[in-house]
Structures are given as C-alpha cells and as structure tokens.
Amino acid sequence: MLSFENDYSCGATPEIIARLAQTNTTQFPGYGSDQICEQAKAKIRKACDAPQADVWFLVGGTQTNQTVIDSITPQYAGVVAAASGHVNVHEAGAIEATGHKVLTLPQHNGKIDADELDAYCATFYADGNYEHMVFPGSVYISQATEYGTLYTKAELERIAEIAHKYDMPLFVDGARLGYALTATGNDVTLADLAHIADVFYIGGTKVGALFGEAVVFTHHGQFSNTPKHFLTLIKQHGALLAKGWLLGLQFDTLFTDDLYCRIAQHANVAADRIRDVLRSKGYTLTFDAPTNQIFITVDEPTRTRLEQHVRLGFMEQADETHTVMRICTSWSTTDEQVEELIALL
C-alpha cells in the first residue's frame, strides 16, 4: 500500500548505507569516543558557525528530549511547552517520569507566544505561595512544530529573551529541523539557531538517518555550560549507544556536501506539489504549514476512501464528522509516489 504516514518509514539514505557497509568490519572504540564522531562534531560546529559548541549523539527523539530536559531543568521545576508539544502529547509521560511537570501554554498553530510566556511567568512569581508550586524551569519548543509550522527568527529571539528574563534555558526540539531549514519562507539558519537557543538538537531519525539525534549545547550567554557529567546522564536515561560510531558516521555523512539540507528540501518540494493539488481540488488545509507535514480536515467518506489505498497519519478528531489527517513526505519520497497519491485525491 502507498504510504505517506510518517517521515521515518524507510531505512536511511544510500550514502549512509554505503558508509556503513564500507566500515562494517572496522573496529572502533565504544560510546562515541571514536574519530568518526569527532569528525562529525567538527562538521556540525562548522555548519552552526559555533566553534565552541558541545555536540553529543543520542539514539532517538524521546530519549533526547527526556535527557536534555531532565539535565537543564532544576529538580523543583517543570518545563514550559505548547499544549500541542511533543513532550506533552506523544511521549507517554517521559518528562513527568523524570519528576518534571510539563507546564503547558496555549498553542497557536503549534507555536507558543512570547507575551503569553512572559505573562505566565509573571503570574507565577506574583503568587505569594509560588514556592509551593512547580517552578517554570526551562522552555521547550519545536522547529518545525508538531503541526509543520515554523517560528520566525524574530519569534525565536523574543522567546529566548523572555526565557532568560526568568532564568530559564531555551531548548529547541529539532526532530524535523532539516525540513524547517529548507522550507519556503523560512528565515532561520542553523547559525541563527545556535546563536538564539541554549541547546537544540538536529534530528536524524526523521531526516535520512537510520536513527539518532545530534544535541548541540551552544555555549553562549548565561546558560553556556553543558550539564556536568552529561555522558553519564545520557547513559542513565538509556540514550547512550555502545556502538556510538554508528551515530557519528551517519551525521558525518549527512553533514558532507550539504546532504542533510538537500534531502530535506526534496521532501519539502514533494509536499509543496501535493499542497498545490489539494488546494486546487478544494481540500481544507488545517494548518498553513510550509514543511513536509501536510494536515487536511476531511469528512469520513473521504477518509475511508483514501485509507483504502494510502496510509495516512491520524492527528485528531476535528468534530463528529471530520478528522484531521496528516500527509507526510520524506527524504525518500519519490516523484512516482507523489503522482500516485495525487491521482487518489
């Protein structure tokens, strides 16, 4: 069956598979202490224009979010996130399992608003009993968001300003960062993100790798230090890979000859083609999103008809008779698959 269900349904880019085959019988030190990981980190620092950045490779998105949030958030505090944020909705309480409450703000097409963040924190500290409450201790956002939308550079700068006003580090989930960086209308570069955020990660699992995410502590401003003994914390959270070179090799490949952005842009071009056809055929686009995730609100007959031929992602129930479904392209989406989907619409 045709599948546009997610952006991690295929293995990895041919370039990564070839590198894995070439090095399959080479022996490396464990836990990321190898030369390939160091080479990959150097390439990421260069791409971020952040020579002092500290880069770490973890196995997956949930483990990365849990490890980073637990390590940067004080013991007595929670993490502020959009109500639609991945850590609040689709991570099975992983953050709460570490003892940190997810403190939600209203979402606006997947994004939080800096003024609402400011008001939330101001209201918290205005309460004379705030020491009996869960402190806002860090801020979590996603780029691209869970709805495929993007923060502008100005929005990110404003959110960082408010976060720092209340002594909170800003953490950016970049599970789909490649698709954000290459989307039409995006004005945020990797170097911008490294300058604005205190820590973020470059997603590999959903952008061409077999698995893995690259965490970047940006080493600037008040929150410049990687948490002490971060390697130990990664292992404690089950996110440290013994065969660490497998992660380094994949990111070394993705950050050679701009492969990461090239394959992400391919997915966005495919999504743009599908979006144009959806609009021409009168479909309701739930969100005005420029990335590889397309959300449509469809009635039940349309949903039933489409799902006989193509796997789509279920997002949420819009009302009693309509459902929000996701069409997701990826680095591996072919022109033939796109045209086959279009014929079904």
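Trainee: Why does H229 count as exposed?

Mentor: Exposed means over 50% relative accessible area, buried means under 20%, and partly exposed is what lies in between (1.4 Å probe, protein chains only). H229 has 60% relative accessibility, so it counts as exposed. Keep in mind that this is a predicted model, where local features need pLDDT of at least 70 and side-chain atom pairs count only at pLDDT 80 or more, while totals for chains, interfaces and linings use all residues. Residues are numbered from 1 along each chain as its sequence is written, and side-chain values use heavy atoms, leaving out hydrogens and water.

Trainee: What makes the phi of H229 worth a mention?

Mentor: Phi of H229 is near 55 degrees, a positive value in a residue other than glycine. H229 lies in the loop between β8 (213–217) and α9 (230–236). D167 has a positive phi too, near 60 degrees, and that residue belongs to the loop between α6 and β6 (170–173).

Trainee: How many helices and strands are there, and what makes a stretch count as one?

Mentor: The protein has 13 helices and 13 strands.

Trainee: What makes you call the protein as compact as a globular one of its length?

Mentor: The radius of gyration is taken over C-alpha atoms, and the globule rule is 2.2 Å times the number of residues to the power 0.38. For 345 residues the rule gives 20 Å, and the protein's own radius is 20 Å, so it is as compact as a globular protein of that length. Along the principal axes, the C-alpha trace spans about 60 × 55 × 35 Å. As for burial, 54% of the 345 residues count as buried.

Trainee: Why is the pair of Y147 and F287 called stacked?

Mentor: A pair of aromatic rings is described by the distance of the centres and the angle of the planes. Rings of Phe, Tyr and Trp (its six-membered ring) pair if their centres lie within 6.5 Å; planes under 30 degrees apart count as stacked, over 60 as edge-to-face, and the rest as tilted. By this rule there are 18 aromatic pairs. Y147 and F287 sit 4.1 Å apart, centre to centre, with 15 degrees between the planes, which makes them stacked.

Trainee: What does that pair tie together?

Mentor: Y147 is in the loop between β5 (135–142) and α6 (153–165), and F287 in the loop between β9 (284–285) and β10 (293–299), so the pair ties together parts 140 residues apart in sequence.

Trainee: And why is Y147 with F295 called edge-to-face?

Mentor: The planes of Y147 and F295 are 80 degrees apart, at 5.9 Å centre to centre, and that is edge-to-face. F295 is in strand β10, so this pair ties together parts 148 residues apart in sequence.

Trainee: What sits over the ring of W56?

Mentor: The charged end of K41, 5.5 Å from the ring centre. The rule asks for NZ of Lys or CZ of Arg within 6 Å of the ring centre and within 35 degrees of the ring normal. K111 lies over the face of Y151, at 5.7 Å from the ring centre.

Trainee: Which residues does V79 touch?

Mentor: Contact means heavy atoms within 4.5 Å. Not counting residues up to four places away in sequence, V79 touches I69, I95, K101, V102, L103, S138, V139 and Y140. V79 is found in strand β3 (residues 77–82) and, at 0% relative accessibility, counts as buried.

Methods. Helix = DSSP H or I, 4+ residues; strand = E, 2+ residues; numbered from the N terminus.
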